[in-house]
Structure formats: C-alpha cells, structure tokens
Amino acid sequence: MTTSTMTPTTRDAQRIDPSAVVARTTSRSSLQATWVQILAMAWRALKKMRRKPEQFFDVLIQPLLFTAMFAFIFGGAISGSVSDYLPVLIPGILAQTALTVCMATGVQLREDMDKGVFDRFKSLPIARIAPLAGPMIADLIRYGIASVLTLVTGLLIGYRPGGGVVGCIGGVALTVIAGWSLAWIFTWLGTMARSAQSVQGISMMIMFPLTFLSNAFVPAETLPGWLKAFVKVNPVSHVVSAVRDLLNDGAVTAEVGWAVIGCAAVVVIFAPLAVRSYSRKM
C-alpha cells in the first residue's frame, strides 16, 4: 500500500502566471524611473559624505593651500607682483582643483566595487547608469565648495575680478560643469582598473600633464613652440581661458563655447564607456 502526499490547496490560494510576470517586466528602465534611481543613489552618496567627513579634506584644504602657495611663490617671478599674477592664477587654480576633486570619484568608485557594495546592486531592478551617475551628482556639492573656497581665498589675498558677481558666478558654474564632465573619465578608469591604488596612480599621470602643460599658471606665449602647440589643444587650457574671460572681463567669448562643447564631448564619449565597462563587471 502506497501513500502519497499532496499539497493542500485553499480557496484563497493564488497562482502566479509566469507569462504575466514576463509581460509586466521591462528590459530597460524608463527615463523617469532612471532619473529617480539616479537621485536615490545621489542621496546615498550624500549620506555617505555626512558619515565620512574626511572626504571633504581635499575640498577644504587644497584650495586654500595651493592658492596661497602659488600666489606668493610664483607671483613675483612670473608677473612681477602677487596682485598682477592673481588674474592669471585664480582661474588656473579653479581648473586644477576641479581636476583633483573629480579624480577622487574614480578612486571611491573602485573602493566601493572592491568592498562588494556594487554586488548588491546586481539584484536591484535599476538602470546600469544609476550607481555611476548618482555619486557624481552628489559630487557637484564638492566641486562647488572647492570652487567657491578658491575664489574666496583669492579675494582675501587681493584678487579683484573685473567680471563682477555675474562673472564670478559664471566662472564657478563653468568650473563645476568641467569637473563633472571630466569625472566621467576617472569613473571609466575606476571600472577598468583592478584596485583603487592603480586608479589613483593612473589618474595622477593624467592630471599632472593636463594641468601643468596648459596655460593655467603661465602664459602660453612664454612656452617653447612644441609645448605651445600642445597647450593650445589641451582641453584644460580652453576651460582656463574661458574662466578667465568670465572672471576678469565678464565676457562670454568663443573660449566659453569651446569649453562647453569640449565638456559635452567628454560626457558623450566616456559616459557610455563607463556604463559598458561597469555592465561587464556586473
């Protein structure tokens, strides 16, 4: 005699239709859903910043240190006096600060990936760009703080921007836009490199040539011909020239347009590369 066990059924039991589940599942998040997910990741990054205030050390200390150091060391040698050098220096320090701050984006991304934080995102029905773009939106606060502190430090040591309040707002806004767009390069590096240390090393090799082989600290006319040619095609030079035009003259020149176009081109190229590399890691 054989006995069989059967699962009891109740009147309230509901059957799950697999075809209905598949029909309600979309392969991609809508644009509105993606934006909501990005904002959720940005809020997560802001809470992380609040719990780890050391992330603001480079934002708070570097603008003060570099602005004062470069002004008083190189001001007399390059322009004859500190006051004459500040209109050249402050836009250059703004560009350098933006590059340094956005470089940390790739390092922190790689650290989170190494800790397994992004492994948890694999089970979530979110767009692949959300974990990347969310922290970058939160970093806009860091770019803004660094830019404002750099400008305030320049004002304290004698800088008087001819562009007035409107020119200063435009210069800071362009610096923030440039930092955010260049951060996509370091985000892509963060998804490609094997460790946070390697991301930092590669980023430094990118940052120093872009910053110092530009017109950020010295006029391009004083450089050798071969170096002047590189400076003219360096995207940081266009950003520095555009910020100078805004801060010193309050003028929206062709350099401002070229800087905005260059920032847009960086985002168009490196944002898809970062998302594709991140998706492969997932």
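Helices (H or I, at least four residues) are DSSP runs numbered from the N terminus, and the expected span of a helix is 1.5 Å times one less than its number of residues. This is a predicted model, in which local features need pLDDT of at least 70, side-chain atom pairs count only at pLDDT 80 or more, and totals for chains, interfaces and linings use all residues. Residues are numbered from 1 along each chain as its sequence is written, and side-chain values use heavy atoms, with hydrogens and water left out.

**View A. Helix H8 and its span.** Helix H8 (residues 196–212) has 17 residues and reaches 24 Å from its first C-alpha to its last, close to the 24 Å expected at 1.5 Å a residue.

View B. Ala 196, Val 199, Ser 203, Met 207, Leu 210 and Thr 211 are the buried residues of H8 (buried means under 20% relative accessible area, exposed over 50%, with a 1.4 Å probe and protein chains only). Seen down the axis of H8, these buried residues fall within an arc of 85 degrees, so they line one face of the helix; the arc is that of the directions from the helix axis to the C-beta atoms. The face turned away from the buried side carries the exposed residues Gln 197 and Met 205.

**View C. Packing partners of H8.** The buried residues of H8 pack against helix H4 (82–114), helix H7 (164–192) and H10, where contact means heavy atoms within 4.5 Å.

Terms used. Helix = DSSP H or I, 4+ residues; strand = E, 2+ residues; numbered from the N terminus.
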